[in-house]
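Dear colleague,

I am passing on a structure for you to look through when you have a moment.

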Amino acid sequence: RDRVQALVTSPVASVREAAVYANGRLAALPPAAAPAPPTAAAGPVVAAVPYEELVARVAASAPNVAAGRQLFEQRACGACHTTAPSEAEKGPYLGGIFTRYNRAEVIESILRPSARVAQGFASNTFTTTDGRQLSGFVVREGQDEVVMRDLTGAETTLRKALISSRTVSEGSMMPAGLVDTLTVQELASLLAFLESTTAK
């Protein structure tokens, strides 16, 4: 919530719009349940573990799928990602992600989202002739029109004649550091939940 609130005043119009939308979604969520009291087995947080050791540390943890699902919801991952075939697409689909990537690759995509952007999900920013700025992924592109989808799942059709500029970002729209405060065991639980989901 603090990260989103800080982006409401971003100088980039598309970031401001996304932050305002995310703020609304977060406000609609029920209050998070009080976290369980820490135990000796909680272990270090992700940010305190050298990146090169994370895969082995996660593999040695005892994950809990239900706790992972709760973390997925608490961290508002569902604002940008879906995990069930019945859900409308937003950002990259995470259902069955372990049938497409191994554990090390999934961990990298979470901790270092700009290291490898999923094909078809490069962030495009369009400025229109009437001064609007829209950011998202290109879903379809024809000779006269571009159809883009933003992180909320909303699709917009833009006529090319009305686009004054277009840029493609090499990085990911997903910010780094989203799981820094999780323990290694919590990260293992989050991964276990993703592993339990179904591919399309």
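The notes that follow go from the overall fold to the sheet, then to the aromatic rings and a few single residues.

This is a predicted model, in which local features need pLDDT of at least 70 and side-chain atom pairs count only at pLDDT 80 or more, while totals for chains, interfaces and linings use all residues. Residues are numbered from 1 along each chain as its sequence is written, and side-chain values use heavy atoms, with hydrogens and water left out.

**Overall fold**

The secondary structure amounts to six helices and five strands, where helices (H or I, at least four residues) and strands (E, at least two) are DSSP runs numbered from the N terminus. Along the sequence these elements follow the pattern α-α-α-α-α-β-β-β-β-β-α. Of the 200 residues in the protein, 31% are buried, a term that stands for under 20% relative accessible area, with exposed meaning over 50% and partly exposed the range in between (1.4 Å probe, protein chains only). Among contacts with a separation of 6 or more, 59% are between residues 24 or more positions apart, a contact being heavy atoms within 4.5 Å.

**The sheet**

The five strands form an open sheet in the order β4-β3-β2-β1-β5, with antiparallel pairing; two strands count as paired if DSSP finds at least two bridges between them. Strands β4 (155-159) and β5 (163-169) stand at the edges with a single partner strand each, so one side of each has no neighbour in the sheet.

Going through the pairs, β1 (residues 123-128) and β2 (residues 133-141) are joined by four antiparallel bridges, and Thr127 has Gln133 in β2 as its bridge partner. These two strands form a hairpin with four residues between them, and Gly131 in the turn has a positive phi of about 90°. Strand β2 is in turn linked to β3 by four bridges, again antiparallel, and by a hairpin of three residues. Arg140 stands opposite Val147 in β3, and Val147 also stands opposite Thr157 in β4. Between β3 (residues 145-149) and β4 there are five bridges, with the strands running antiparallel.

**Aromatic rings**

A search of the whole structure gives one aromatic pair. The ring centres of Phe72 and Phe193 are 5.3 Å apart and the planes stand at 55°, so the pair is tilted; by the definition used, rings of Phe, Tyr and Trp (its six-membered ring) pair if their centres lie within 6.5 Å, with planes under 30 degrees apart counted as stacked, over 60 as edge-to-face and the rest as tilted. Because Phe72 lies in helix α4 (residues 65-74) and Phe193 in helix α6 (residues 184-195), the pair ties together parts that are 121 residues apart in sequence. Both Phe72 and Phe193 are buried.

Two charges also sit over rings, which requires NZ of Lys or CZ of Arg within 6 Å of the ring centre and within 35 degrees of the ring normal. The charged end of Arg112 is 3.6 Å from the centre of the Tyr51 ring, and Lys200 lies over the face of Tyr93 at 4.7 Å from the ring centre.

**Single residues**

Ala76, in the loop between α4 and α5 (103-111), has a positive phi of about 55° although it is not a glycine, and Ala76 is partly exposed at a relative accessible area of 24%. Val15 belongs to helix α2 (residues 13-28) and is partly exposed at 29%.

Best regards
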